Each structure stands twice: as structure tokens, then as C-alpha cells.
Amino acid sequence: MIEQGNPTISVRGLWKVYGPNAEKLIGSPDAFLPRAELREKTGCTAAVRDVSFDVSDGEVFVVMGLSGSGKSTLVRCLTRLVEPTAGKIQLEGEDLLSANAQRLRELRRTRFSMVFQHFGLLPHRRVIDNVAYGLEINGVSKVARYERAMEVISLVGLQGYENNYPSELSGGMQQRVGLARALASDPDVMFFDEPFSALDPLIRRDMQQEVIRLHHEVKKTMVFITHDLAEALKLGDRIAIMRDGALVQVGTPEELVATPADEYVANFVRDFPKSHILTLRWIARAPLPGEDLTGPVLAPTVVVRDAVRQVLEAGCPVRVMDGANLIGVVTADEILSVIAGRQDG
């Protein structure tokens, strides 16, 4: 669980509108018209509509949605690769929208890094030089930048390939170079815009595991863009679902799977097994009067699918305990309801 405190990223009332008189659209009765109707009436497209959220220090915050939902425009607004039409973005309390060009370059070099679907590696440079490129731009000495590059090359599992050229590497290995390059400057925040969508499924799964491992090791705050629900549920501490430029729901994987905000979210999560996401904390119920409370103990963080055998074999309610505190009990009925898809939270 991510500790809540002052957010690393704070976004309030963010808009990105393309078209004539874009600023005048915000606050008008037309602002939330359906996209096609808005375009026909005003000639404008609202790619991001009144988006607000916080990202905590060390959190993996995933933004997902279908093609055209505004998720990639959103992350580009956060880094000011696209200039927002209105709103407020703060990075550790600093107003990013008031940063001038020089300050923005400094932030991109030192405070945040970006990893995209297209790796953007320099084909004429070796792996170590690609990884060290940002440090070279920052004026770091050759000895120091190579030392740092070798550290992150080892971190992403590419030791032994530092003298290879990108064309000599597989797609997954090239993306690891991209990760290493993003990590080399030791940024506060890492932004990922669908970085694995061009990879084949097996390599994609490996790279997802790599991000999870790296997050555990380096504790970076990450904003990850994807259209893939399984990827979002696997990586995200919290997930924001977008539709037509607006946020539909923001919550933990458990919250989205168990209590979708509307039919749109429900359609996303309908076919995903709840037993793979929900924990015993979510499904535990209060003991009934006189119910046997001498059964086995499991932690509230245990995922349902990992508790199936023990609960079904217990012969009595399994106690869900958080230290000395009884959260509730779980029996075969609760487990089978989740597996059958009947758990309503």
C-alpha cells in the first residue's frame, strides 16, 4: 500500500482542446458534448476534459482506455510535450505550466523521464552510449556517465551487451535499453506511454515483470499508459479509466474489478477473473453468532485464488487476521461466489 502524503504529481482541471477558440469552449455549455457532436457544432475536439488526480510518491499510477480516449494526450500534457489548454499540473509542488523553456529542459533532463512505444535508440551508438546519452547532454564526464550507465545496464539485465548496437538486439532487449536510459538520470518520475504494445505477448509479459521488479528495487513514481486491462491490473497500484477525454473511475485494481463505476468500466472488467485480483480483505464477512473461530488464519492481503485450497479444505471458517485484529471470516461459500463471478463487493 502506498503511503498517502503530499502527492508527487497533482493535476487539477486539466483540459486539452484542439480547434478554433479552444479556450472559450472551457466552461461553456458545449464543453461536455459527445465528441462527434462537439466537433460538428464547434469544430473543436476535447482530447482531455477536466481531469483531476494525484499520484503519490512511489506509486504506479496506470491510465487506461480505448484508442482515442485521451490517455496518450494526457501523459504528453503532463510532460508538456503537448501544451494543455487549461488546468494545473504540479510536480512535487512546482507549477509545471509556469515553467519556461529552460526550466522545462532541466526538468526533462533531471526530474522526469519518458519511455515510449518506439524506443528511439540511436542506431549508430552502442548500448552503453545510448544509455549514457542523457548524462552526456547534462555534461557528466565520460568516466562518471559510463559508470552510471553500467549500473543501470546491470539493473535491467543487459550486462554483457553494453558494446552491442541496437540492431543486434531483440525488441525486448531494445526496450530494456530504453528503460536503462530513462533510469540513468535517476529521475523522480517515470512516464510510460504504451511502451510494450509493439512487442509480442511473451516478451511483453517479460517486460511487465521487469517493470514490477524495477519498481520494487528503485521505488520510482511511475505513470503508465496502456489500453490493456490485464497489463493495468498487473502493474497498477491505482488505475484511472478514461473515456472521451474524461476520467470515468480511479481506484485500486480491487475496486475497479469489484465495484465498477458504470457499464463502461464493467465491460472492461467483465471477463477478467475476480479471483485473480480480489483479496481476502475484500470478501471476508463478519462471523455469525456461535460460529467456529478456531480455524486456520490467513492474511487479508492473500489473493482469493491463492487461498482456494486452504479454505476449501479447512472444514470450518478461515479467520482473516491483520496481526491480532480479526478482519472477518471466509468460507467455501465466499470463495465459490468469487470464482463463479457472483461477488458484488
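Helix α9 gives the largest share of the lining of the largest pocket, eight residues. This is a predicted model, where local features need pLDDT of at least 70, side-chain atom pairs count only at pLDDT 80 or more, and totals for chains, interfaces and linings use all residues. Residues are numbered from 1 along each chain as its sequence is written, and side-chain values use heavy atoms, with hydrogens and water left out.

**Largest pocket**

- The largest pocket holds about 1200 Å³ of space.
- Its lining has 37 residues, and L233, K234, G236, D237 and P253 are the closest to its centre.
- A pocket is an open set of points on a 1 Å grid over the protein atoms alone, where a 1.4 Å probe fits, with protein on both sides within 12 Å along at least five of seven lines; lining residues have an atom within 4 Å of a point.
- Grid points are joined across faces, edges and corners, and a volume is the space filled by probe spheres set on the points.
- At least two lining residues come from each of α9 (201–218), α10 (229–235), α11 (253–258) and α13 (280–283).
- Helices (H or I, at least four residues) and strands (E, at least two) are DSSP runs, numbered from the N terminus.
- The lining of the largest pocket has 15 nonpolar, ten polar and twelve charged residues.
- Ala, Val, Leu, Ile, Met, Phe, Trp, Tyr, Cys and Pro count as nonpolar; Asp, Glu, Lys and Arg count as charged; the others, Gly among them, count as polar.

**Second largest pocket**

- The second largest pocket holds about 550 Å³ of space.
- Its lining has 25 residues, with R108, S113, M114, G134 and R181 nearest its centre.
- Two or more lining residues come from each of α4 (101–110), β6 (112–116), α5 (127–131), α6 (133–137) and α8 (171–184).
- By class, this second lining has 13 nonpolar, nine polar and three charged residues.

**F119**

- F119 sits in the loop between β6 and α5.
- F119 counts as buried because its relative accessible area is 17%, and buried means under 20% (1.4 Å probe, protein chains only).
- Leaving out residues up to four places away in sequence, F119 touches G171, Q174, Q175, R181 and L199; contact means heavy atoms within 4.5 Å.

**Cysteines**

- The disulfide count is zero, a disulfide being a pair of cysteine sulfur atoms within 2.5 Å.
- C77 is in no disulfide, and the nearest cysteine sulfur, that of C44, is 15 Å away.
- C77 is buried, with a relative accessible area of 0%.

Conventions. Buried means under 20% relative accessible area, exposed over 50%, partly exposed in between (1.4 Å probe, protein chains only).
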